[in-house]
Amino acid sequence: MAREEATETQRLLAPSTALNSFNPARGAVVGLKPILRQRVRYGFRVGNLGFLIDTDTVSEVVERATVYSVPQTPSWLVGLLNLRGNLVPVFDFKASLNLENTAPDKHYLLLLGEGSDMVGFFVGNLPQTVDTSHKLTHPPPLPAVLRGYAGEIYSFDNVVWVEFDHRNFFQSLAASAVTVDF
């Protein structure tokens, strides 16, 4: 019995060897072309600007959420959301961009990030796929508060789409609101 197992073990190939040893007869595999995979980008719109969600960012949309206001905070902080035991700050993104003259979006709550790094803000529509093949070499001016948080800029579907560093933007925004009284 032991001799049988030893012989069978010798006949098995290592997984990497087995995967690389596929050698079909000539003409047996026809019509296979290499597939070029293009990474899909998603973005959301605020006003007339589009913001691309970083490809490594976890995102989630919540339709019905109870956001609890926090007294004596800036107008751009809507409040806090308890999401699966995590307190998530919820921002009024339009107000943070100084676009207060437009009505706030309240349709969907878009959450970006994970755990203690998660932030939320309301958007009018669900995130959409964005083709980033048309990079703008002469982008239009962006709101001053986006300086330092905007990367490459693209055009798709007659909308300007900005690569947006949401992590540093919201951290900076929150830090600007912290005041220490002695």
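This is a predicted model: local features need pLDDT of at least 70, side-chain atom pairs count only at pLDDT 80 or more; totals for chains, interfaces and linings use all residues.

Modeller: Two rings of Phe, Tyr or Trp are taken as an aromatic pair if their centres lie within 6.5 Å, and such a pair is called stacked when the planes are under 30 degrees apart, edge-to-face when they are over 60 degrees apart, and tilted otherwise. By this rule, the count comes to 16 aromatic pairs in the chain. One of them joins Phe-44 and Phe-51, whose ring centres are 5.6 Å apart and whose planes make an angle of 20 degrees, which is a stacked arrangement. Phe-44 counts as buried, with a relative accessibility of 1%, and Phe-51 is also buried, at 0%. Another pair is formed by Tyr-149 and Phe-169, and here the planes stand at 85 degrees with the centres 5.5 Å apart, so this pair is edge-to-face. Those two residues come from distant parts of the chain, since Tyr-149 sits in the loop between strand 9 and strand 10 while Phe-169 belongs to helix 4 (residues 166–177), 20 residues apart. Phe-169 is buried, with a relative accessible area of 3%, and Tyr-149, at 18%, counts as buried because the limit for that word is under 20%. If you now look for Phe-44, Phe-51, Tyr-149 and Phe-169 together, you will find that they are members of one aromatic cluster, which also includes Trp-76, Phe-91, Phe-93, Phe-121, Phe-164 and Phe-170.

The chain has 182 residues, of which 29% are buried, and its secondary structure consists of four helices and 11 strands. Of the contacts between residues at least 6 apart in sequence, 52% join residues that are at least 24 apart. The accessible surface of the chain comes to about 12,900 Å², and carbon and sulfur atoms account for 51% of that area.

Now for the strands. As a general point, the strands of a sheet pair through backbone hydrogen bonds, and they may do so in a parallel or an antiparallel way. Five strands of this chain make an open sheet in the order 9-1-2-11-10, with mixed pairing. Strand 9 and strand 10 are its edge strands, each pairing on one side only. On average, neighbouring strands in this sheet are turned by 40 degrees against each other, with direction ignored. Strand 10 and strand 11 run antiparallel and are joined by five bridges, and along them Ile-153 faces Val-162 of strand 11. Elsewhere, strand 5 and strand 6 pair in the antiparallel sense over six bridges, and Leu-80 has Pro-89 in strand 6 as its bridge partner. Strand 6 also pairs with strand 8 (residues 119–123), this time in the parallel sense and over two bridges, with Val-90 opposite Gly-120 of strand 8.

That leaves the charged side chains. In general, side chains of opposite charge can pair when their charged atoms come close. The count comes to three salt bridges in this model. In one of them, Glu-163 meets Arg-41, with the closest N and O atoms 3.2 Å apart. Arg-41 is buried at 12% relative accessibility, whereas Glu-163, at 22%, is partly exposed.

Another salt bridge joins Arg-84 and Glu-60, at 2.9 Å from N to O. Here, too, distant parts of the chain are linked, for Arg-84 is in the loop between strand 5 (77–83) and strand 6 (86–91), and Glu-60 is in strand 3 (residues 59–62), 24 residues apart. Arg-84 is exposed, with a relative accessible area of 62%, while Glu-60 counts as partly exposed at 25%. The hairpin of strand 5 and strand 6 has two residues between its strands, and within this hairpin Arg-84 takes a positive phi near 50 degrees.

The remaining salt bridge is between Glu-152 and Lys-135, at 2.8 Å from N to O. Glu-152 lies in strand 10 (residues 150–156) and Lys-135 in the loop between strand 9 (128–130) and strand 10, so parts 17 residues apart in sequence are tied together. Both residues are partly exposed, Glu-152 at 33% relative accessibility and Lys-135 at 45%.

Key: Residues are numbered from 1 along each chain as its sequence is written. Side-chain values use heavy atoms; hydrogens and water are left out. A salt bridge is a side-chain nitrogen of Lys or Arg within 4 Å of a carboxyl oxygen of Asp or Glu. Buried means under 20% relative accessible area, exposed over 50%, partly exposed in between (1.4 Å probe, protein chains only). Two strands pair if DSSP finds at least two bridges between them. Axes are lines fitted to C-alpha atoms, for helices over the stretch in contact, and angles run from 0 to 180 degrees between N-to-C directions. Contact means heavy atoms within 4.5 Å. Accessible areas come from the Shrake-Rupley method with a 1.4 Å probe; for residues, only the protein chains shown count as cover. Rings of Phe, Tyr and Trp (its six-membered ring) pair if their centres lie within 6.5 Å; planes under 30 degrees apart count as stacked, over 60 as edge-to-face and the rest as tilted.
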